[in-house]
Amino acid sequence: MELSTTVSELRYALDTFFFLMSGALVMWMAAGFAMLEAGLVRSKNTTEILTKNICLYAIACTTYLVVGYNIMYVDNGSGGFLPSIGTLIGTQAEGADHSLESDFFFQVVFVATAMSVVSGAVAERMKLWSFLIFSAILTAFIYPMEGYWTWGGGFLSEVGFSDFAGSGIVHMAGASAALAGVLLLGARKGKYGKKGQIYPIPGSNMPLATLGTFILWFGFNGGSQLMVSDFENATAVGQIFLNTNAAAAAGAITALFVCKSTWGKADLTMVLNGALAGLVAITADPLSPSPLAAVSVGAVAGALVVFSIVGFDKIKIDDPVGAISVHGVCGFFGLMVVPLSNSDATFGTQLLGAVVIFAWVFGASLVVWAVLKATVGIRVTEEEELEGMDVHDCGIDAYPEFVSVK
């Protein structure tokens, strides 16, 4: 066997392994979202939100395998608008840097991430089965369509839209679907008063919410370099991790100081969302900025998310975990600052991409939510909401106060 062939096979093996491990790290984000959301909802709805998170992941893996990956990547024309429609993931391309199966695994966990954004925003008052039906539609069709236009080589990619690891394609898309659902769903009972009062509804478990944030902290970005088997790519992966970490840290610190200066308190939930906001914002391009620029991006996002959460509350858009602000507002911000450090991107193409992603995902989701609302319904009854969805949907309390044993 020639030396060049041996080196090529070793690089193929290393990059495939890197892809799989990166996918596993992003899959671990599913645990992060589950813990974060479980901590930020009331105890009576904890089992139900955990059920949503594990089921949406399972649904995403199935629908994206059967049809979604094909829509996004297989046999599509460059610069196109309408994808080819087929099933499964196609065949391995000759001369590929890594295995096709590892690519699918890496991509599918991002689909689940986008859907996880929705679960937190609609928590505590949406019907479980309506949510799961929507999960299947978003992961099989809505997400893969905009994924083809961008990462799949479609028309947005052709005009130069840049989103390295998904500030818009994943995070803002999930927030757009969530916003459509929240608008039709309405606020939780007791969240807003008749005279405009805003009543906080504290989460049940801050340790879990904090654990979820730490899990999410490093689930982002590194694998999107796609390769690690040469000097340039390995160095780039290191830079991506450094910048991602720097942005998250700056987001948390800024949110902390904003809370202290505004309310005189260190609001843990805002600090957690500040870290996540920094992560989401830097995701659009974690490679091009200098470390100090990454700190700046994270810092602005950390402040932005606090004001966004407060702003949505003022207009009575009830988002129990702040998902629309973290992933939507800060995802958009992340897209728009890419040209500041990446000369290949322009503000015009970034804005075009953001508008197209939002319009498509929000519009398609609004239609699906509306159909579900008119048929099976999307909101639980007042009695179910009062008693908690754990009892009605799952029959299992997350935190039983006592167990009778005969």
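The model is predicted: local features need pLDDT of at least 70, side-chain atom pairs count only at pLDDT 80 or more, and totals for chains, interfaces and linings use all residues. Residues are numbered from 1 along each chain as its sequence is written, and side-chain values use heavy atoms, with hydrogens and water left out.

**Confidence**

- The protein has a mean pLDDT of 92 (the predictor's confidence in each residue, from 0 to 100).
- A pLDDT of 70 or more is reached by 97% of the residues.
- Helix H12 (residues 347–374) has the highest confidence, at a mean of 98, and helix H1 (residues 3–40) the lowest, at 86.
- Helices are DSSP runs (H or I, at least four residues), numbered from the N terminus.

**Largest pocket**

- The largest pocket has a volume of about 650 Å³.
- On a 1 Å grid over the protein atoms alone, with a 1.4 Å probe, a pocket is an open set of points with protein on both sides within 12 Å along at least five of seven lines. Lining residues have an atom within 4 Å of a point.
- Grid points are joined across faces, edges and corners, and a volume is the space filled by probe spheres set on the points.
- The largest pocket is lined by 26 residues, with Lys191, Thr269, Met270, Ile309 and Asp313 the closest to its centre.
- Helix H9 (268–282) and helix H10 (291–314) are the elements that give two or more residues to this lining.
- H10 supplies the largest share, five residues.
- The lining of the largest pocket holds 14 nonpolar, five polar and seven charged residues (nonpolar: Ala, Val, Leu, Ile, Met, Phe, Trp, Tyr, Cys and Pro; charged: Asp, Glu, Lys and Arg; polar: the others, Gly among them).

**Second largest pocket**

- The second largest pocket holds about 530 Å³ of space.
- Its lining has 22 residues, and Tyr69, Tyr73, His98, Asp103 and Gln107 lie nearest the centre.
- Helix H2 (46–73) and helix H3 (100–121) are the elements that give two or more residues to this lining.
- H3 gives the most, with five residues.
- By class, the lining of the second largest pocket has 12 nonpolar, eight polar and two charged residues.

**Helix packing**

- The axes of helix H11 (residues 323–336) and H12 come within 9 Å and cross at roughly 155 degrees. H11 is therefore roughly antiparallel to H12 (angles over 145 degrees count as such).
- Axes are lines fitted to C-alpha atoms, for helices over the stretch in contact, and angles run from 0 to 180 degrees between N-to-C directions.
- H2 packs with helix H4 (residues 128–149) at about 35 degrees, with the axes 8 Å apart.
- The contact of H2 with H4 has 18 nonpolar, six polar and two charged residues.

How values were computed
Parallel < 35°, antiparallel > 145°, perpendicular 65-115°, else oblique.
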